[in-house]
Amino acid sequence: MRDELLSGDFDPGSIEQGDEIHYLKPGQPAAMLKRLRRGQYSIRSEIDLHQMTEAVARSAVTLFLNEAIRQREYCVRIVHGKGLRSASRGPVLKRMTERLLRQRGDVLAFASALPAQGGTGAVLVLLQGH
């Protein structure tokens, strides 16, 4: 049985790298995260981090989120990729994005996108207006 599983054609791109990520700011209703995970919010803007270094991506995400709030775009998508080319380092931009979002006081919730919206290679973010 084990040998059967290990033999044959295997496409590493056919599996999801890493697990789904999600977060709900303390004090926010659980229904908010549930709706976000179901894709029930309208995405107002997005940024794609592919081909960026971690440092460039961190700055780009910060500027993107600040501008989204300024433009009153409170649901956004960040495409960070699945880390398929990061080899043993894993999904570097995904981890950086998750850390950055958790540190921001204006992030109400975030969740990995639905498969049609990028799956675990993208995250949907709900932002708090000022």
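## Strand β5 and its partners

In this predicted model, residue A111 stands opposite L124 of strand β5. A second bridge links F110 to V125, its partner in β5. Strands β4 and β5 are antiparallel and are paired through five bridges; two strands are said to pair if DSSP finds at least two bridges between them. Strand β3 (residues 75-79) is likewise joined to β5 by five bridges, and these two strands run antiparallel. Here I78 is placed opposite V123 in β5. The names of helices (H or I, at least four residues) and strands (E, at least two) refer to DSSP runs, numbered from the N terminus.

Why is strand β5 described as largely enclosed by the rest of the structure? Strand β5 comprises residues 122-127, and six of the six are buried, so the rest of the structure largely encloses it. A residue is buried at under 20% relative accessible area, exposed at over 50%, and partly exposed in between (1.4 Å probe, protein chains only). Both faces of β5 are covered: A122, L124 and L126 are buried on one side, and V123, V125 and L127 are buried on the other.

## The sheet

The five strands form an open sheet with mixed pairing, and their order is β1-β4-β5-β3-β2. At its edges lie β1 (22-24) and β2 (45-48), each of which pairs on one side only. From one strand to the next, the twist averages 20°.

Two helices can be described in relation to this sheet. Helix α3 lies across β2, β3 and β5, and its direction is at about 165° to β3. Helix α4 packs on the sheet and touches β1, β3, β4 and β5, with its direction at about 155° to that of β4. Contact means heavy atoms within 4.5 Å. Axes are lines fitted to C-alpha atoms, for helices over the stretch in contact, and angles run from 0 to 180 degrees between N-to-C directions.

## Helices α3 and α4

A packed pair of helices is described by the angle between the axes and the distance between the axes. For α3 (residues 54-70) and α4 (residues 92-103), the axes come within 10 Å and cross at roughly 40°. Helices α3 and α4 are therefore oblique to each other. By definition, angles under 35 degrees count as roughly parallel, over 145 as roughly antiparallel, 65 to 115 as roughly perpendicular and the rest as oblique.

Which residues meet where the two helices come together? From α3 they are E54, A57, R58, V61, T62 and L65, and from α4 they are V92, L93, M96, R99, L100 and L101.

## Residues in the loops

The loop between β3 and α4 contains H80 and P91. H80 has a relative accessibility of 4% and therefore counts as buried. Leaving aside neighbours within four places in sequence, H80 is in contact with L49, L93, K94, T97, T120, G121, A122 and V123. P91 is also buried, at a relative accessible area of 14%. P91 and G81 are 10 residues apart in sequence, and their C-alpha atoms are 7.5 Å apart in space. With neighbours within four places in sequence again left aside, P91 is in contact with K82 and G83.

Most residues other than glycine have a negative phi. Q51, in the loop between β2 and α3, has a positive phi near 75°. R72, in the loop between α3 and β3, has a positive phi near 60°. Are these residues buried or exposed? Q51 is exposed, with a relative accessible area of 73%, and R72 counts as exposed at 61%.

## The whole chain and its confidence

The protein has four helices and five strands, which follow the pattern α-β-α-β-α-β-α-β-β along the sequence. Of its 130 residues, 40% are buried. Among contacts with a separation of 6 or more, 68% involve residues 24 or more positions apart.

The mean pLDDT, the predictor's confidence in each residue from 0 to 100, is 85 for the protein, and 80% of the residues reach 70 or more. Confidence is lowest in helix α1 (residues 2-6), at a mean of 43, and highest in strand β4 (residues 107-112), at 98. Over residues 1-18 pLDDT stays under 50, and the model has 12 contacts beyond four places in sequence for these residues.

Residues are numbered from 1 along each chain as its sequence is written, and side-chain values use heavy atoms, with hydrogens and water left out. In this predicted model, local features need pLDDT of at least 70 and side-chain atom pairs count only at pLDDT 80 or more, whereas totals for chains, interfaces and linings use all residues.
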